[in-house]
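Please open the model in your viewer and keep the sequence panel beside it.

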Amino acid sequence: MAEVAAASARTSSQSSAAPPSSATRPKFVSTSSTIPLVNACADIARRVDSYLATTPASESADIADLRHRTKDRVRESLGVISEALRRYSIDELAISFNGGKDCLVMLVLLLGSLHYHSSQFPPQRIHTVYVHSLSAFPEVDAFVNDCATLYSLDLIRLPTPMKAAFQKFLDAKPHIKAIMVGTRRTDPNGADLTYFDETDHGWPKFMRVHPVIDWHYAEVWHFLRELDIKYCILYDLGYTSLGGTTDTHPNPALLVESGWDGTSEQSFKPAYALIDDDKERWGRNA
């Protein structure tokens with residue numbers, strides 16, 4: 001049996017560099033086409049199975065260790081999602097998706113899991129809330145739109161603040177009992193979270209599900225790149241944590257000294273070149 005099925009059963013300094021202007025940032029071009037959700041789930045499950053089953057014949061010790069750790073994370077997360085699907089029907093479950101790398105991993109693993117939970121099909125779409133900054137990057141908006149098409153997301157867009165946004169979402173979809181969130185332990189307020197946490201007093205009531213809570217930054221990027229999952233283009237420009245245009249900059253840890261390519265303009269390595277978790281938010285004002 002495929003490993004996905006088996007697993008399912010079981011701040012810092014800031015950059016002085018300004019972000020690229022909208023005129024200089026490359027434009028995101030949508031290439032998605034609508035396909036049935038069941039087909040998207042099958043495709044993702046195939047990719048996850050292949051990743052879990054494959055061990056390259058030759059790679060460095062560091063990459064081999066990263067691959068081993070990431071496979072463990074994948075299996076743990078699939079187990080959390082499987083438990084969520086045991087507790088809740090797909091119509092009672094939603095995801096919080098803002099186009100970032102962490103919730104993208106979460107979405108991919110949910111899709112792969114759904115392929116092996118035939119009792120949950122045929123869902124037509126996945127309930128999704130997109131809580132966005134008032135100064136959202138157009139590239140992020142475009143990527144979220146693309147994912148909504150590619151992965152059949154029933155998307156409701158709501159501006160921050162977060163608490164009010166979730167309340168409006170639940171008012172619109174009162175049958176929702178749990179929301180999957182892409183928080184990781186290194187995120188603000190993530191240190192003490194578990195896989196399943198009820199919302200705190202004063203928040204709208206629902207179960208928060210954290211499938212990727214224990215993932216590390218390097219594991220996130222290894223997984224997405226190994227599975228060839230399309231991600232927001234801003235990550236290729238040195239952004240490592242995405243907020244809004246007013247509080248997010250390319251990460252100074254990825255700065256390439258000006259003149260390296262014969263020009264005087266600064267440039268940044270892609271997000272996946274960063275290794276350390278503690279430098280992930282160096283491009284955020286808060």
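A nonpolar core is a set of buried Ala, Val, Leu, Ile, Met, Phe, Trp, Tyr and Cys residues joined through side-chain atoms within 4.5 Å, where buried means under 20% relative accessible area, exposed over 50% and partly exposed in between, with a 1.4 Å probe and protein chains only. This is a predicted model, in which local features need pLDDT of at least 70 and side-chain atom pairs count only at pLDDT 80 or more, while totals for chains, interfaces and linings use all residues. Residues are numbered from 1 along each chain as its sequence is written, and side-chain values use heavy atoms, with hydrogens and water left out.

**The cores**

Select V48, V74, I95, F97, L153 and F223, which touch the most other members among the 63 residues of the largest nonpolar core. The largest share of this core, 10 residues, is supplied by helix α4 (residues 101–115); helices (H or I, at least four residues) and strands (E, at least two) are DSSP runs, numbered from the N terminus. Another core, of 12 residues, lies apart from it and includes L170, I176, I179 and F206. In soluble globular proteins, nonpolar side chains tend to be buried together.

Not counting residues up to four places away in sequence, V74 touches V48, Y51, L52, L109, W215 and F223, contact meaning heavy atoms within 4.5 Å.

**Helix α3 and its two partners**

Select helix α2 (residues 37–53) together with helix α3 (residues 61–87), which pack at an angle of about 135 degrees with their axes 10 Å apart. Axes here are lines fitted to C-alpha atoms, for helices over the stretch in contact, and angles run from 0 to 180 degrees between N-to-C directions. α2 and α3 are therefore oblique to each other, given that angles under 35 degrees count as roughly parallel, over 145 as roughly antiparallel, 65 to 115 as roughly perpendicular and the rest as oblique. α2 passes α3 in a left-handed crossing; a crossing is left-handed if the near helix is turned anticlockwise from the far one by less than a right angle, and right-handed if clockwise. To see the contact itself, show V48, Y51 and L52 of α2 with R67, T70, K71, V74, R75 and L78 of α3. By class, this contact has five nonpolar, one polar and three charged residues, where Ala, Val, Leu, Ile, Met, Phe, Trp, Tyr, Cys and Pro count as nonpolar, Asp, Glu, Lys and Arg as charged, and the others, Gly among them, as polar.

The axes of α3 and α4 come within 10 Å and cross at roughly 65 degrees, and α3 passes α4 in a right-handed crossing. V74, S77, L78, I81 and L85 in α3 meet M106, L109, L110, S113 and L114 in α4, and the residues of this contact divide into eight nonpolar, two polar and no charged.

**Helix α7**

Select helix α7 (residues 217–226), where eight of the 10 residues are buried. These buried residues are Y217, A218, E219, V220, W221, H222, F223 and L224, and what covers them includes α2, α3 and α4. α7 is followed by D228, whose phi is positive, near 60 degrees.

**Helix α5**

Which residues does V144 contact, leaving aside its neighbours within four places in sequence? V144, in helix α5, is in contact with F97, N98, G99, Y130 and L155, and at 0% relative accessibility V144 counts as buried.

**Backbone details in the loops**

Most residues other than glycine have a negative phi, and most peptide bonds are trans. Select S152, in the loop between α5 (138–150) and β3: its phi is near 55 degrees, a positive value, and at 5% relative accessibility S152 counts as buried. N189, in the loop between β4 (178–180) and β5 (196–198), has a positive phi of about 65 degrees, but at 74% relative accessibility N189 counts as exposed.

Finish at P161, in the loop between β3 (153–159) and α6 (162–172), where the peptide bond from T160 to P161 is cis, with omega near 15 degrees.
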